[in-house]
Structures are given as structure tokens and as C-alpha cells.
Amino acid sequence: CIIHMPSTFNGSALGALVFNGGEPGPTISGLTFIQDQPDSVTPTVYPPVIYAQACPRFNINQCRIALVYDAIDMRGNSGGAQINDLELSSLHIGIDIDGCLDVVRIHKLHYWPFAGAGNGTMTSNQRVAMQAATGIKSARCDGLQMVNCLFLGSRNELYLYSSTSGTTFGAITTSDFDSNGGFVMSAGQFYITNCTFSLGDSGSNYAAITGGEALFNNCYFTWSASPTANGYITTSGQTMLSNCYFHQSSDDKTVIYASGGDLVLTGNFISKASGTYTQPLVHGVGSVSGSASGNFMTPTSSGTWISLDTDTGFTVVGNTSPGWGIHLPSGTAPNTLMAWNGGGSKANGDDYAGYFSSDGTTTVKLPSGWSVSRLGTGNYSLTHSLGLTNVIDLLADLSVDDAANGASAQLDLTNSTTNAARIRTNVGATATDCGVFFRFKRYRG
């Protein structure tokens with residue numbers, strides 16, 4: 001069944017199909033909706049195709065909504081709704097959510113640029129209009145659950161924000177943000193797992209987070225166009241990325257740009273072609289707190305993998321980044337930035353602290369079982385005889401904390417009689433010539 005909304009459609013109508021309030025709402029299946037839209041970057045305004053305000057537990061199954069202005073208006077308490085196997089293209093808002101007091105489930109949504117009752121294509125002007133559209137716009141939703149979805153064609157594929165009703169919490173999994181990235185968030189709590197992000201549109205980026213809490217896990221990111229934004233992911237909210245893979249090739253562009261908020265990076269893989277890079281892979285600007293641990297960067301000739309402009313309590317530890325440097329502000333507190341809790345077994349379980357200088361001439365006294373080898377400028381491998389290995393980036397030009405573990409284990413620049421690591425730099429060097437490299441504290445078998 002095809003429902004056509006012509007250019008003469010009543011603009012004051014609530015919608016082409018109106019769901020009456022009451023619970024449960026209606027179920028529709030197998031319908032196709034189309035509108036007359038001009039070949040223009042400015043679409044014609046219509047009422048929504050489906051008006052489902054304050055209609056809990058409605059069901060939309062295997063429908064197609066093609067080249068429309070607004071598709072589904074489900075503001076108000078339409079909690080419990082289910083949208084399954086919907087093909088959708090919109091030029092303003094695809095699905096509008098605000099006020100849902102129960103879970104909304106969206107499965108197998110196919111949001112992409114198609115036109116007509118068949119598989120017609122949009123004109124280039126209509127594609128421009130869709131770029132500025134919003135796929136899903138969600139404020140108050142007490143559980144937005146999305147699975148097996150595709151988003152393609154908009155720079156705002158999924159937009160989470162705050163209204164007077166509240167914000168969204170929920171999750172999306174095994175879904176594809178294709179070509180335009182387009183995850184945009186200013187408020188709420190959202191979990192993104194096992195999703196793919198690709199970028200072929202320089203006017204967009206993978207994700208733009210200005211507020212709320214966004215947690216990315218096991219996601220894949222790849223590109224064919226460099227964004228004009230400050231980074232592939234920009235954040236000033238609370239953002240966590242864990243076990244994600246970034247296939248960034250040779251593009252000299254910051255991958256993650258944090259202008260504030262909190263940023264936690266754990267166990268991520270950033271793949272770059274070997275070369276010389278001027279832009280840091282991760283750039284913290286302003287007051288950014290958080291940590292980066294267990295991340296891996298493929299080897300390169302020259303570049304900075306993480307640059308922090310301000311010391312606001314950011315921990316960088318246990319990352320593998322051959323050829324990449326770390327830039328931290330002068331005067332950074334080493335205990336805050338480079339704390340590292342060693343693992344494995346050791347007979348006496350004493351506390352130790354290890355330090356290196358930045359000039360490559362250091363000799364070091366390490367606890368029994370530990371050895372260090374220089375891999376290149378600013379890059380060393382720390383190895384334990386039991387097989388524990390950690391590649392560490394040398395951090396230069398920081399003051400030495402000469403009482404790292406209390407008075408009983410102070411830094412010793414003149415002899416090796418203490419249990420602290422011994423540093424010997426150039427003759428006449430002082431403590432301020434040395435850079436804190438790593439620290440491992442009490443651990444037992």
C-alpha cells in the first residue's frame with residue numbers, strides 16, 4: 001500500500017497517519033509513504049508522515065518512508081514503542097523523540113538517501129538537504145535501544161540533547177554510521193558498542209560530543225575524507241573509548257580532540273602509516289581530565305601521539321607508541337601523570353620508583369629482574385625476567401619527584417645505595433635536568 005502526500009496536502013493536518021492516544025497504540029505493517037519534494041536544497045515543509053505523540057506501545061513493522069520532510073513525531077510519552085525494519089529518508093527530522101517514560105526499541109532501521117516508492121535516487125540538491133537533516137532526534141527517553149541499524153546521508157544521524165523533559169539514556173549496537181559519521185550529543189548517557197564509523201564527508205566527523213556521557217566500546221573507525229573540524233572525534237563532555245580500532249592511514253589530522261570534560265582511552269589501536277606528523281593523534285585543550293592506558297600506535301618516524309596543554313590531572317601510562325612522542329605542559333606533576341602500578345610477582349614486594357633522563361646517557365639501577373633497552377629517541381622498553389613487558393614513552397623536561405615513595409626511598413643522584421632507581425646524566429646535572437619516565441609501586445606475587 002502506497003500513501004502519497006501531494007504538494008496540495010493540508011499543511012495544518014497533524015499528519016498523514018494519526019495514532020490516537022491510549023495504550024497500546026496501533027500496529028502498522030507493509031506501508032510506503034512518499035511526498036512531492038522539489039529538486040532543491042530547501043525542502044517543502046509538510047506535517048509529519050506519522051503523528052504518534054503521547055501514544056505508548058505502538059508498532060511500526062516493515063514500512064518505507066521515502067524523501068519526506070518529517071517522518072515520525074513521537075514526542076510525549078510514547079514509551080514502549082517498537083520500530084522494526086523501517087527504511088527511511090527525511091529532509092528535516094526522521095524520528096522525533098522527547099518525553100518517553102519507557103524503553104523505545106528501534107531495530108534494523110535503514111536511514112539512507114532514497115526516493116520514491118521504489119529504489120529511486122535523490123537529486124544532488126536533495127542530498128545536500130538531507131546532509132543538514134537529523135535522522136533521530138532524542139531528548140527525554142528512558143531507554144533508547146537500537147540494534148542492527150544503518151545511517152547514511154546526514155551529518156546528524158543520531159542527535160541526543162536535553163529538553164525541559166530531560167535527556168536520553170540507552171545504547172546502540174552492531175550498527176553502521178556510514179560515510180558521514182554523525183553521532184552528535186550534547187546531553188544524556190549513551191553506550192555505543194560494536195559499531196562502525198566511516199567518514200567520506202569533510203563537513204562531518206565520527207562524533208561530536210559537547211555534553212553528556214558517551215561510552216564507545218569495540219568500535220571500528222575508518223576514513224576517506226579529512227574533517228574540517230578539529231578532530232575526527234571532538235569532545236568536551238565525558239567520553240570513554242575502549243578496545244576501539246582507528247584506521248587512519250597517512251592523514252595528518254588529530255583523531256581525538258578534547259576541549260574540556262573528561263576523556264578515558266583504554267586498550268585502543270590507532271593504525272597510521274609511518275611518516276612525519278605535525279598534529280597529535282590525541283589533543284587535550286583546556287581543562288581535560290582522565291587517563292590513557294594500554295593503547296597502541298603503529299610505529300612512525302616522527303609525531304606526537306598525545307598532547308595535553310594543561311595539567312589538570314591526566315594519567316598517561318602503559319601505552320605502546322614507537323616513534324611517537326608525548327607532549328605535556330611544563331611543570332607537570334609526575335606523580336599525577338605517570339603513576340604506574342606494576343604487575344607480576346616479586347619476592348620482597350618492596351616499593352620502587354624508576355627515573356630516566358631525556359638525553360639518552362642515563363644509567364639506571366633497577367630492582368632485581370628488571371632491565372631496560374633504548375628503542376630510539378624517547379622510546380624505551382622495560383622488561384621483567386618473568387616475561388612482563390611494557391613499552392614506555394620517555395617524558396622529557398619534567399622535574400624529578402625526589403621523594404616519590406617517602407623518605408626511605410628517595411631519589412639518589414650520587415650513589416646506588418638506595419632501593420630507588422639511580423639516575424646519572426651529564427656531569428654536573430641537577431634533578432631538574434631529568435625527566436620522569438615511569439613509576440612502579442608495591443606489588444606482590
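Which side chains meet in a salt bridge at 2.9 Å, N to O? They are those of E23 and R57, a salt bridge being a side-chain nitrogen of Lys or Arg within 4 Å of a carboxyl oxygen of Asp or Glu. The model is predicted: local features need pLDDT of at least 70, side-chain atom pairs count only at pLDDT 80 or more, and totals for chains, interfaces and linings use all residues. Residues are numbered from 1 along each chain as its sequence is written, and side-chain values use heavy atoms, with hydrogens and water left out.

**Overall make-up**

- The protein has 2 helices and 40 strands; these are DSSP runs numbered from the N terminus, with helices being H or I of at least four residues and strands E of at least two.
- Of its 445 residues, 52% count as buried, where buried means under 20% relative accessible area, exposed over 50%, and partly exposed in between (1.4 Å probe, protein chains only).
- The protein exposes about 17,100 Å², and carbon and sulfur atoms supply 48% of that area; accessible areas come from the Shrake-Rupley method with a 1.4 Å probe, and for residues only the protein chains shown count as cover.
- Among contacts between residues at least 6 apart in sequence, 63% join residues at least 24 apart, a contact being heavy atoms within 4.5 Å.

**Salt bridges**

- The count comes to 7 salt bridges.
- Side chains of opposite charge can pair when their charged atoms come close.
- The E23 and R57 side chains meet at 2.9 Å, N to O, and this pair links distant parts of the chain, 34 residues apart.
- E23 sits in the loop between β2 (17-18) and β3 (27-29), and R57 in the loop between β5 (50-51) and β6 (59-61).
- E23 is exposed at 53% relative accessible area, whereas R57 is partly exposed at 33%.
- A network of salt bridges links E23, R57 and D102.
- R64 and E87 meet through their side chains in a salt bridge of 3.0 Å, N to O, which joins strand β7 to strand β9 (residues 87-97) across 23 residues of chain.
- R64 is buried, with 13% relative accessible area, and E87 is partly exposed, with 22%.
- In the salt bridge of R155 with D201, the closest N and O atoms are 2.7 Å apart.
- R155 belongs to the loop between β14 (150-152) and β15 (156-160), and D201, 46 residues apart from it, to the loop between β20 (196-199) and β21.
- R155 is partly exposed at 30% relative accessible area, while D201 counts as buried at 9%.

**Nonpolar cores**

- The largest nonpolar core has 86 residues, a core being a set of buried Ala, Val, Leu, Ile, Met, Phe, Trp, Tyr and Cys residues joined through side-chain atoms within 4.5 Å.
- Strand β7 (residues 64-73) gives the most to this core, with 6 residues.
- M74, F183 and F216 have the most contacts inside the core.
- Leaving aside neighbours within four places in sequence, F183 is in contact with residues including L158, F177, F197, I209 and F216.
- Another core, of 5 residues, lies apart from the largest one and has I34, A66, W112 and L152 among its members.

- I209 lies in strand β21 (residues 207-209) and counts as buried at 1% relative accessibility.
- The C-alpha atoms of I209 and T234 are separated by 6.1 Å, although the two residues are 25 apart along the chain.
- Not counting residues up to four places away in sequence, I209 touches partners including F183, F216, T234 and T239.
- N84 is in strand β8 (residues 82-84) and counts as buried at 18% relative accessibility.

**Cysteines**

- The structure holds 0 disulfides, a disulfide being a pair of cysteine sulfur atoms within 2.5 Å.
- C100 is in no disulfide, and the nearest cysteine sulfur to it, that of C141, is 4.8 Å away.
- C100 counts as buried at 0% relative accessibility, and C141 also counts as buried at 0%.

**Surface patch**

- Y191, L215 and M240 make a nonpolar surface patch of about 240 Å².
- Patches are made of residues with over 30% relative accessible area and no salt bridge; like charges are joined within 9 Å, and nonpolar side chains (Val, Leu, Ile, Met, Phe, Trp, Tyr) within 5 Å.
- M240 is found in strand β25 (residues 238-242) and is partly exposed at 35% relative accessible area.
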